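Please look at the model below before reading on.

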Amino acid sequence: MSNEPISLATALASFDALWSPRIVTRVNDYDVRLAKVEGEHIWHVHDDTDEFFLVLDGELSISLREPGGERTVLLPRGSVFTVPRGTEHRPYAPSGAAILMFEPTGTPTVGDRHDEIPDHVDATTGHALDT
């Protein structure tokens, strides 16, 4: 990890892969991840951790399956949302988005339980940022 300031714009410009987050830095035992997203991710659950989203550009929707039923939250640019641990969810961005996430280091992008993983979704714990 760098001990110099990191430009998020420069970091985002350094990769094109969708649904394939880059680790920008770490805070204690958490990764700060950047991702470009477009289309749909998969339904998945993180059993033991919340998942924090910040929309840097574009618009992200997150469908949630909760005890009271299914709902969708819409996150325009500049919005944050935390998916509670144990909540089945599916992010999607029909027009594309750039997002920043906080997750414990080693957390898989497809959660602990998930639907079949399509080719466009990178099942990873994050990639090093090459700037």
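1. A salt bridge here is a side-chain nitrogen of Lys or Arg within 4 Å of a carboxyl oxygen of Asp or Glu. Searching the whole structure gives ten salt bridges. The model is predicted: local features need pLDDT of at least 70, side-chain atom pairs count only at pLDDT 80 or more, and totals for chains, interfaces and linings use all residues. Residues are numbered from 1 along each chain as its sequence is written, and side-chain values use heavy atoms, with hydrogens and water left out.

2. Buried means under 20% relative accessible area, exposed over 50%, and partly exposed in between (1.4 Å probe, protein chains only). R33 is buried at 0%, and D31 is buried at 0%. A network of salt bridges links R26, D31, R33 and E103.

3. R85 pairs with D50 in a salt bridge, with the closest N and O atoms 3.4 Å apart. R85 is in the loop between strand 6 and strand 7, and D50 in the loop between strand 3 and strand 4, so the pair ties together parts 35 residues apart in sequence. Strands are DSSP runs (E, at least two residues), numbered from the N terminus. R85 is partly exposed at 47%, as is D50 at 30%.

4. E88 and R65 also form a salt bridge (3.0 Å, N to O). E88 lies in strand 7 and R65 in strand 4, 23 residues apart.

5. Which class has eight residues in the lining of the largest cavity? The nonpolar class does, beside four polar and three charged residues. (Ala, Val, Leu, Ile, Met, Phe, Trp, Tyr, Cys and Pro count as nonpolar, Asp, Glu, Lys and Arg as charged, the others, Gly among them, as polar; a cavity is a set of points on a 1 Å grid over the protein atoms alone where a 1.4 Å probe fits but cannot get out, and lining residues have an atom within 4 Å of a point.)

Definitions and conventions: Helices (H or I, at least four residues) and strands (E, at least two) are DSSP runs, numbered from the N terminus.
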